[in-house]
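Q: Please take a close look at one part of this structure: the place where the two chains meet. What holds there, and how is each term defined?

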There are 2 protein chains.
Amino acid sequence: MLNTYIYADLTPEKMADLLDRNTDPNHAIQDTVLSIIEDVKQHGDAALKSYAKQFDKVELEKLYLDSDDIDNLAMTISRDQMRALEIAFQNIHKFHQTQLKRERTVETMPGVKCWREVRPIEKVGLYIPGGSAVLPSTLLMLGVPARIAGCKEIVVCSPPQNNGKINGFVAYCLKLLKIDKIYLVGGAQAVAAMAFGTQSIPKVNKIFGPGNQFVTKAKGIIQGMTDVSIDMPAGPSEVLVIADETANPAYVAADLLAQAEHGIDSQAVLVTTSSQLADQVNQELKAQLDVLPRKELAAKAIENSYTVITENIQEAMDFSNRYAPEHLIIESDDWKPLINKVQNAGSVFLGHLTPESAGDYASGTNHTLPTSGYARSYSGVSVDSFVKKITFQHITEQGLEQIGSTVEILAELEGLQAHKNAVSIRKKKQ
Amino acid sequence: MLNTYIYADLTPEKMADLLDRNTDPNHAIQDTVLSIIEDVKQHGDAALKSYAKQFDKVELEKLYLDSDDIDNLAMTISRDQMRALEIAFQNIHKFHQTQLKRERTVETMPGVKCWREVRPIEKVGLYIPGGSAVLPSTLLMLGVPARIAGCKEIVVCSPPQNNGKINGFVAYCLKLLKIDKIYLVGGAQAVAAMAFGTQSIPKVNKIFGPGNQFVTKAKGIIQGMTDVSIDMPAGPSEVLVIADETANPAYVAADLLAQAEHGIDSQAVLVTTSSQLADQVNQELKAQLDVLPRKELAAKAIENSYTVITENIQEAMDFSNRYAPEHLIIESDDWKPLINKVQNAGSVFLGHLTPESAGDYASGTNHTLPTSGYARSYSGVSVDSFVKKITFQHITEQGLEQIGSTVEILAELEGLQAHKNAVSIRKKKQ
């Protein structure tokens, strides 16, 4: 049963409380993560092997699987499963490849040409969570844009199963991506290994991927202390469903539960103009929850979630934009005019037949998205995340004549004489 | 006189040493900055006024200047100066406006449509350094892309002069940008004010701009502890000049000095295939340095800098790509074939007549660029920095039929039954 609030009755304090989900600053694990990072930095592979023994309960002779190992593991999955992964790969590829574009040159003044060129980030590290939850879809979501961007080196880390291997689904995705090596390292130690490099694992320029609170904490620390960057800060997953009286309560409930089964800290928020629908959704939640294998987890997440009843659809959009959800599902016959009203969200699912699961796996959009309100200033992962755009410029004699005195005046007024000289000396000698 | 190294003789250790310029971890100021942040968070405007008294030597009644104040200050600058700022504004606008593009919709499968839409970051904060160095150009470099992106609220902070005002050049740039308020706050306290909001200053979603080590440190801390993001990490400015025997040593020296005058921690690196040119540049450095007003500063920066002599241009490009300079100037007749070899750099200046100063002020490209090797994974500021790209998708009945079983299989293999249900329930009821 979702807690229910009336939008018009929300005090500013209650509103702030509902919007806030940065509740876990992870102070408790800071010291643990710092000591893991220091250990990996100092002892490299030896530290990684020791953590594998401690956390993954496996003694590793080598820290990676090569292409033969990967081939063998990939063969263990069914034809249907291979086919499903292939379709997901293709759709993700099809959508993401349109993101890489040449830009045109701009002649800002006669003889002054400026443009941007796209270059891949050379070495990227992808963290793929493993252990209990196996997430081959995450490997596709990160590997496909990395390949399209043209990254030279793609380092993949994932925790080993206790037989010292990885899951066959992950192996098959590696094959689809033509990546012939995977490092058997998980947790904060994987992030540290990719940030500093070890005997086996190359140092990378940017680290991507979701993970538990140790991985997330390690990424935050690495971003602050090294020249390695990260995709984005991460928090628990969340969905906000906007539904009006045309919505199907069974679909709405199914979408909320799909979010809730991720973990007890997941949030599933319903914002609706119809209190009748809210009641129906609550009934559906009970019925559908009962038959879920991850029922207890989902039930707890639902307890942390809530419904907001609004007067009209504009209020619903306002609440959603303030919340800035990772996933936004708009279940209404009239979704079209609402597109332009979406200001803050990670990924948006429109209409009654567009469940979030489609985008989580196979429609083509990326599922690595900003959570915890970061959608106010971050985009989800895309090919853009794997490239830099470098500006270039070329000035001719004519251009220097056009722009020279402007630069001289501006350098002068900022008190930077040598900046001015760099222009003056060129004007003189022509 | 630049220290000189032969590329072929560089040991891996020496190479690492030359590439490393993250030498100031700012640990010393961490505590000061943390206490300023906490103070501003708790006491708001009162704290800001007290810091203005302490650091800027001015008692402020109100923490901002309004449009009348700005108009009056803007009138104090000369016509030529106004004109120069206008030309810079226009060129920056012309270049940056091409960066905002609609993207096309991709139908990944029949009935499955995916696309991205661009939305401005609603509230952005621009930090404009002040005090001794006055940087109106930075206001243009941040304000123009913010305006093009369509940000609803642009909050500008800059430290007050000790008369409680700002410089006329900054005022004129505010007018060009149609920004009618500026907050008289500098340093770490400005970053804290924009991150948390105070009685006078609105909280923003993202903070941009360069600054001293206190500002930089505050941005790093804010990024880690709040949901406010920042443009990029910052370090001392730097240039790398690649020059061959066709280069003019006087131009090369002028470009190195333009970098060096920024501060003693600036780096100006010369990479050349010609040891004769290296000698000539050293002579020019001496001659040009002598007449600079910021001579002592520049001389110290030159001491921290160095020359690398390479066998050929490919080695020079290799060194540059490993260094990943903020600014790269290629002074060679033969610059064209080198464009494709540039992998890591912030902004690139091509040929003999394209000094970095042109891009610093007026050619149109942005001067807010990644330093300290961050060009390996970061781009400079652009319109992209002020927007989010949100993915949208819509699936029809036909689309659900096409994609449904793929999603079901993938959800199943990841053990996420509720994700599967969200599709199955929709297939059933049609």
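A: Between chain B and chain A there are 67 residue pairs in polar contact, both residues being at pLDDT 80 or more. A polar contact is a pair of N or O atoms within 3.5 Å; within protein, one must be able to donate a hydrogen and the other to accept it, and residues adjacent in sequence count only if both atoms are side-chain atoms. The side of chain B that touches chain A has 54 nonpolar, 41 polar and 25 charged residues. Here Ala, Val, Leu, Ile, Met, Phe, Trp, Tyr, Cys and Pro count as nonpolar, Asp, Glu, Lys and Arg as charged, and the others, Gly among them, as polar.

This is a predicted model: local features need pLDDT of at least 70, side-chain atom pairs count only at pLDDT 80 or more, and totals for chains, interfaces and linings use all residues. Residues are numbered from 1 along each chain as its sequence is written, chains are lettered from A and ligands numbered from 1 in the order in which they are written, and side-chain values use heavy atoms, leaving out hydrogens and water.

Now the extent. In contact (heavy atoms within 4.5 Å) are 120 residues of chain B and 119 residues of chain A. The two chains bury about 10500 Å² between them, 59% of it on carbon and sulfur atoms. Buried area is the accessible area (1.4 Å probe) that two parts lose on being put together, summed over both. In chain B, Tyr361(B), Gln393(B) and Arg426(B) lose the most area to chain A, together 8% of what that side buries.

Next, charges. Twelve salt bridges link chain B and chain A. Each is a side-chain nitrogen of Lys or Arg within 4 Å of a carboxyl oxygen of Asp or Glu. Asp227(A) forms one with Arg376(B), with the closest N and O atoms 3.0 Å apart.

Strands meet too. Strand β15 (residues 387-395) of chain A runs parallel to strand β14 (residues 347-350) of chain B, joined by four bridges. Strands are DSSP runs (E, at least two residues), numbered from the N terminus, and two of them pair if DSSP finds at least two bridges between them. Phe392(A) has Val348(B) as its bridge partner in β14(B).
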